[in-house]
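Subject: Structure handover

Hi,

Here is the structure we talked about. Please open it alongside this email, as my notes on what was found follow below.

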Amino acid sequence: MASMEWMPLESNPDIMNKFLKNLGVPTKWKIFDIVSLDDELLDMVPSPVYSVLLLFPFSEADDQYCKKQEEIAKSKSQELDPKLYFMQQTIKNGCGIVALIHAIANNIDKLNLESDSVIQKFIEETKTLTPIDKSKTLESNNEICQAVKNSYEDGRSLCNKCIFHFIALIQMNSKLYELDGRKTVPVIHGPTSHETFLKDAARVCKEYMERDPENVNFTALAFCASTEKS
């Protein structure tokens, strides 16, 4: 079978929300821009927030960070939550897709997905697979591939060569996880809670920015309930 053409997912809430809808995520849950990581302005983000997505430029500092995290993971055993859904990225320019799958899969108990929805079927099919096998299964999933393409008005993305990368930050059982498809394991960033998750995730985003202080091309987005109030 010929390989499918996977389009990159742009950091545009309108496009990302169309993608969520095409996957079968109820429209109650949406992606919103986080305009500032300052504590007082984070209160403007609709709540509850279930995941924070960070888009950042590739850099030497980030490469070194990835290598350090891999070394830490190999040198000691991390106590990962057994329900945590983590996959690696093997699709070129697929980081945004993987990040949104991480956001959805690790909050699936809150989303009330239909059993025959595109994303529900994929998660059920892959939840017991290894991180690399999850991604290999995604490679041949035509429904998700088409869901990305159908998120664009003319079926085309403006981004042909991506120089940026997406990660997802999620909260599970009082731990803050960084889920990055380039890494072989999740990264634990310490304790968090439903009440403090957004500010704790913002702290991790700031750490990414501090590793590359000359670059201003960072974008943070929130996956949250659009109709609920804090």
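A residue counts as buried when its relative accessible area is under 20%, as exposed when that area is over 50%, and as partly exposed in between. Keep that in mind for what follows. Also note that this is a predicted model.

**Salt bridges**

The structure holds nine salt bridges. Start with lysine 183. Its relative accessible area is 2%, so lysine 183 is buried. Lysine 183 pairs with aspartate 180, with the closest N and O atoms 2.6 Å apart. Aspartate 180 is buried too, because its relative accessible area is 0%.

Aspartate 180 has another partner. Arginine 182 forms a salt bridge with aspartate 180, and here the closest N and O atoms are 2.8 Å apart. Arginine 182 has 27% relative accessibility, so this residue is partly exposed.

Now look at another pair. The side chains of lysine 127 and glutamate 124 meet in a salt bridge, at 3.1 Å from N to O. Lysine 127 is partly exposed, because its relative accessible area is 46%. Glutamate 124 is also partly exposed, at 41% relative accessibility.

**Cavity**

How many cavities of 30 Å³ or more does a search of the whole structure find? The search finds one. The largest cavity holds about 50 Å³ of space.

Its lining is made up of Phe56, Pro57, Ser59, Ala61, Asp62, Tyr208, Arg211, Asp212 and Phe218. By type, five of the lining residues are nonpolar, one is polar and three are charged. Three elements each supply at least two lining residues: β2, α3 (60–75) and α9 (197–211).

**Surface patch**

Val35, Leu41 and Met44 make a nonpolar surface patch of about 300 Å². Methionine 44 sits in the loop between α2 (39–42) and β2 (49–57). Buried or exposed, where does methionine 44 fall? Its relative accessible area is 58%, so methionine 44 is exposed.

**Where to look**

Go on to the cavity lining, with Phe56 and Tyr208 among its residues. Finish at the patch of Val35, Leu41 and Met44.

Best wishes

Conventions
Residues numbered from 1 in each chain as written. Predicted model: local features only at pLDDT ≥ 70, side-chain atom pairs only at ≥ 80, totals over all residues. Heavy atoms only, no water. Patch = residues over 30% accessible without salt bridge, like charges linked within 9 Å, V, L, I, M, F, W, Y side chains within 5 Å. Areas by Shrake-Rupley, 256 points an atom, 1.4 Å probe, with all protein chains shown as cover. Salt bridge = Lys/Arg side-chain N within 4 Å of Asp/Glu carboxyl O. Helix = DSSP H or I, 4+ residues; strand = E, 2+ residues; numbered from the N terminus. Buried < 20%, exposed > 50% of the residue type's maximum accessible area, 1.4 Å probe, protein only. 1 Å grid on protein atoms, 1.4 Å probe; cavity = no way out; pocket = protein on both sides within 12 Å on 5 of 7 lines; lining within 4 Å. Points joined across faces, edges and corners; volume = space filled by probe spheres on them. Nonpolar A, V, L, I, M, F, W, Y, C, P; charged D, E, K, R; others polar.
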